[in-house]
Amino acid sequence: MTRSTRNSSSFWDLHRQGARLQKTLFRATKGRVGSKFLGAPVLLLDHVGRRSGEARTNPLIYLDDSPDLVVVASKGGSDAHPAWFHNLMAMPVTDVELRGGIRRRVRPRVASGAEREALWPRLVEVFPPYADYAGYTEREIPVIVLEPADPVAQRAVVQHGYGTAHAVLSSVDLPIEPPSPTQVRVRVRAASVNPIDWQMIEGHRRLLVRRRFPFVPLFDLAGVVTAVGREVTRLKVGDRVHADNKLGGGGAGEFVNVEQDLVSVMPESLGFAEAAALPLAGQTALLALDKAGVGAGSRVVVIGASGGVGTYAVQIAKALGAAHVTAVSSGRNASFVRGLGADEVVDHTAGRFDSALPARSFDAVLDLVGGREQWEAARNVLKDGGRFVTISRDEDDRVTFGAALRLAPPILARQVRSRFGRRIAYVPVFLDASRELLDRVDRFVDAGQLRVHVDRVYEPTLDGVVAALEHSKSGRTVGKVVVRWEEHAEGR
Ligand SMILES: NC(=O)c1ccc[n+]([C@@H]2O[C@H](COP(=O)([O-])OP(=O)(O)OC[C@H]3O[C@@H](n4cnc5c(N)ncnc54)[C@H](OP(=O)(O)O)[C@@H]3O)[C@@H](O)[C@H]2O)c1
């Protein structure tokens with residue numbers, strides 16, 4: 001906002017009226033309605049006072065966008081604090097409305113000393129820019145902390161319908177539900193994104209699984225157990241855990257209840273971001289290797305080696321004793337996948353991968369990318385009796401009746417054909433996540449045989465979750481994309 005805009009008289013007239021109305025409402029409702037002044041309108045008070053030249057202390061509002069507290073800073077002036085400050089501090093508990101229409105019941109208190117020092121750099125919303133006011137006051141600007149008064153609410157990014165993430169996700173307050181007898185409640189510290197997340201948000205699988213809205217997305221999560229159902233004996237409050245919560249999702253919220261059969265205690269060596277990056281992709285990699293029969297001495301090709309599932313598949317194949325792992329990735333990721341243990345890298349951007357490999361020389365091909373050409377290329381490099389294991393399909397991931405009709409006959413034909421001639425098995429794999437499988441993945445981590453590569457970490461805000469989903473959708477993820485909560489909230 002420029003100075004000339006602030007000085008236009010129609011601007012000030014409008015804002016003065018707005019400020020009066022706010023004050024009246026605030027007093028008449030004992031702070032219930034006027035507390036909305038924590039949004040942009042409070043700025044009106046500031047402008048009015050400044051313009052009219054009254055010696056009044058005026059507020060600037062700064063909101064910290066963390067899920068745990070809101071910080072408000074009031075600009076000091078030449079006299080005492082403004083009425084809104086006194087009114088707010090007189091409230092033991094009051095309602096505020098945050099950006100995005102989120103309402104919270106909060107307890108206000110003034111932060112001082114070390115706490116104020118720590119909070120000050122976190123004041124993220126400065127409007128109008130504080131520089132405009134430099135020199136007006138030498139007094140310390142008071143920082144007010146608004147702590148949640150109501151522990152039964154959580155903030156979550158939720159899906160309201162099918163569509164692209166930015167169109168159908170929003171940030172809302174939700175109740176924290178008690179866990180069922182067989183569930184544990186997890187305070188989510190990090191979640192990771194898998195392609196299935198944006199595919200299901202966009203409705204690609206709605207023919208198979210219909211979601212009830214609002215739905216909290218992100219299947220993969222890591223966090224701390226804060227409550228256990230009465231039949232849970234294996235886990236306790238305080239355990240650091242991770243899980244693929246299957247169709248339950250919930251990674252984009254602060255709390256989620258997860259069936260105990262899906263939950264493993266995190267490997268001690270991992271932080272929450274790494275632990276959240278493991279469940280879905282790690283279990284898929286291990287299951288695919290199991291189905292491929294990979295073990296000591298195997299020669300394996302991994303197509304899509306630099307992605308979420310691929311990075312784990314390469315490492316676990318080596319840990320299982322594979323004699324030779326050929327990674328298929330783009331050339332720019334060649335040194336990365338070599339670092340995972342791949343013995344050889346084929347650049348898929350330089351041509352079909354089979355043209356770079358000796359014919360009939362591999363026991364198994366893991367297809368983590370999809371497309372008919374992978375099957376055709378794999379047949380050329382597989383030995384007789386070899387296994388082609390795919391976690392993807394021949395077409396893009398939108399499940400429709402038309403696609404099902406097109407896809408079923410060739411898949412059936414491949415499976416029938418695998419019983420004759422060269423007997424190359426065609427094995428589609430769909431993960432059914434479980435604690436047992438995740439425990440097996442974790443043991444590779446504990447043994448120092450499996451590392452997690454986090455491509456990028458996003459904030460757990462609406463913007464962060466949308467950006468993380470778009471990152472995954474780009475199809476160029478190296479390792480995993482993660483959404484992580486700040487460590488400051490860990491103790492709650
Ligand atoms: N069936 C199941 O149960 C199951 C479970 C998990 C995942 N999935 C599916 O499996 C697929 C992979 O999942 P993900 O989590 O690994 O995905 P991801 O992390 O998004 O994979 C991205 C990677 O794919 C690589 N890639 C793209 N085109 C390629 C090609 N033609 N050849 C080789 N690499 C290629 C890219 O590597 P470069 O940039 O180096 O090309 C990128 O690193 C997704 O379609 C997902 O939906 C299925």
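This report describes a strand and its neighbours, the surroundings of a ligand, a nonpolar core and some backbone details.

## About the model

The structure is a predicted model, in which local features need pLDDT of at least 70 and side-chain atom pairs count only at pLDDT 80 or more, while totals for chains, interfaces and linings use all residues. Residues are numbered from 1 along each chain as its sequence is written.

Helices (H or I, at least four residues) and strands (E, at least two) are DSSP runs, numbered from the N terminus.

Two strands pair if DSSP finds at least two bridges between them. Strand β12 (residues 299-303) pairs with β13 in the parallel sense over 5 bridges, and I303 stands opposite V328 in β13. Strand β14 (residues 344-347) also runs parallel to β13, joined by 4 bridges, and here S329 has D347 as its bridge partner.

Helix α10 (residues 308-319) forms a right-handed β-α-β unit with β12 and β13, and helix α11 (residues 334-339) forms a right-handed unit with β13 and β14. A crossover is right-handed if, with the strands pointing away from the viewer, the path from the first strand over the helix to the second runs clockwise.

## Around the ligand

The ligand is surrounded by 32 residues, of which the closest are G307, G308, V309, S330 and L431; a residue counts as near when its C-beta atom, placed from the backbone, lies within 6 Å of the molecule. Two or more residues of this shell come from each of α7 (195-201), α9 (279-292), α10 and β13.

## The largest nonpolar core

A nonpolar core is a set of buried Ala, Val, Leu, Ile, Met, Phe, Trp, Tyr and Cys residues joined through C-beta atoms within 7 Å. The largest one has 105 residues, and V300, V302, A313 and L366 have the most contacts inside it. Helix α9 gives the most to this core, with 8 residues.

## Backbone details

The peptide bond from F213 to P214 is cis, with omega near -5 degrees, and P214 is placed in the loop between α7 and β8 (220-228). R423 is not a glycine, yet has a positive phi of about 55 degrees; R423 lies in the loop between α13 (401-417) and β17 (425-428), and is exposed, with 12 other C-beta atoms within 10 Å.

Note on methods. Buried ≥ 20, exposed ≤ 12 C-beta atoms within 10 Å, placed from the backbone.
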